[in-house]
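Subject: A structure for you to look at

Hello,

I am passing on the structure we talked about, and you will find it just below. After it come my notes on what turned up.

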Amino acid sequence: MTELTGFLGYAYPWVLAGHITFVIYWIAGLLILPRYYVHHHETSAGSSEDRAWIERERRVRSIILTPAMVVVWLLGLTLALHVGAFAQGWFHAKLALVIGLTGYQGWLGSYGRKLADGKRPVDQRTLRIMNEIPGIAAAIIVVLVIVRPF
Ligand code: HEM
């Protein structure tokens, strides 16, 4: 396998396996949290149920989302250097989508803080629609990295 000749050598398949594993955790977190926000919306600010959702959301962000995103980026950029992906069109499109997902996670973080302050600025229907973003983006990213259409 030619990928074994880069600087990673025989570590390449392990780094790739780690990358895909943490991609699964990251996307799972990006799908869970907006769903939590939809349910949280139904509680009244200051209630015990409101405080319980605030704690659940904080844990998803600190235990799943942030660590998984950091590991996906670190292993992904390591792979990109190893296989020379920066010169390939599919990778440019992939990187643009992944930067978009990272921005989406940033929005989720700021929205979680608003919910914790008792605010409910976005209606539930919009939250449900936004919940589809990570799933659609992940599907396009996987096609880009496996099929490499350009
Ligand atoms: C965060 C930034 C990311 C970077 C820099 C990155 C970079 C890379 C690179 C360079 C490869 C290796 C390709 C090869 O072995 O030739 C790879 C593999 C892969 N990446 Fe990422 N990736 C990132 C995020 C993601 C995300 C968010 C997903 C899915 C939603 C994803 C899915 C995959 C898959 C499925 C593979 C395996 C492809 C194969 O074995 O042919 N990556 N990634």
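Let me begin with the surface: the accessible area of the protein chain is about 8300 Å², and 69% of that belongs to carbon and sulfur atoms. Please keep in mind that this is a predicted model.

The protein chain holds 5 helices and 0 strands, so its elements read α-α-α-α-α from the N terminus on. Its C-alpha trace spans about 60 × 25 × 15 Å along the principal axes. There are 150 residues in the protein chain, and 35% of them count as buried. If we take the contacts between residues at least 6 apart in sequence, 76% join residues at least 24 apart.

Sorted by class, the contact of α1 with α2 has 24 nonpolar, 7 polar and 4 charged residues.

Next come α3 (residues 89-116) and α5 (residues 133-147), whose axes cross at roughly 160° and come within 9 Å. α3 and α5 are therefore roughly antiparallel to each other as well, and their crossing is left-handed. On the α3 side, the residues that meet α5 include Trp 90, Leu 97, Leu 101 and Tyr 104; on the α5 side, Ile 133, Pro 134, Ile 140 and Leu 144 are among those taking part. By class, 13 residues in this contact are nonpolar, no residue is polar and 1 is charged.

And how do α1 and α3 pack, at what angle and how far apart? The angle is about 35°, and the axes lie 11 Å apart. α1 passes α3 in a left-handed crossing. From α1, the contact draws on residues including His 19, Trp 26, Leu 30, Pro 34 and Tyr 37, while α3 supplies, among others, Lys 94, Val 98, Gln 105, Leu 108 and Gly 112. The class count here is 12 nonpolar, 5 polar and 1 charged.

Definitions and conventions
Residues numbered from 1 in each chain as written. Predicted model: local features only at pLDDT ≥ 70, side-chain atom pairs only at ≥ 80, totals over all residues. Heavy atoms only, no water. Nonpolar A, V, L, I, M, F, W, Y, C, P; charged D, E, K, R; others polar. Helix = DSSP H or I, 4+ residues; strand = E, 2+ residues; numbered from the N terminus. Buried < 20%, exposed > 50% of the residue type's maximum accessible area, 1.4 Å probe, protein only. Contact = heavy atoms within 4.5 Å. Areas by Shrake-Rupley, 256 points an atom, 1.4 Å probe, with all protein chains shown as cover. Axes fitted to C-alpha atoms, helices over the stretch in contact; angles between N-to-C directions. Parallel < 35°, antiparallel > 145°, perpendicular 65-115°, else oblique. Left-handed = near helix turned anticlockwise from the far one by under 90°.
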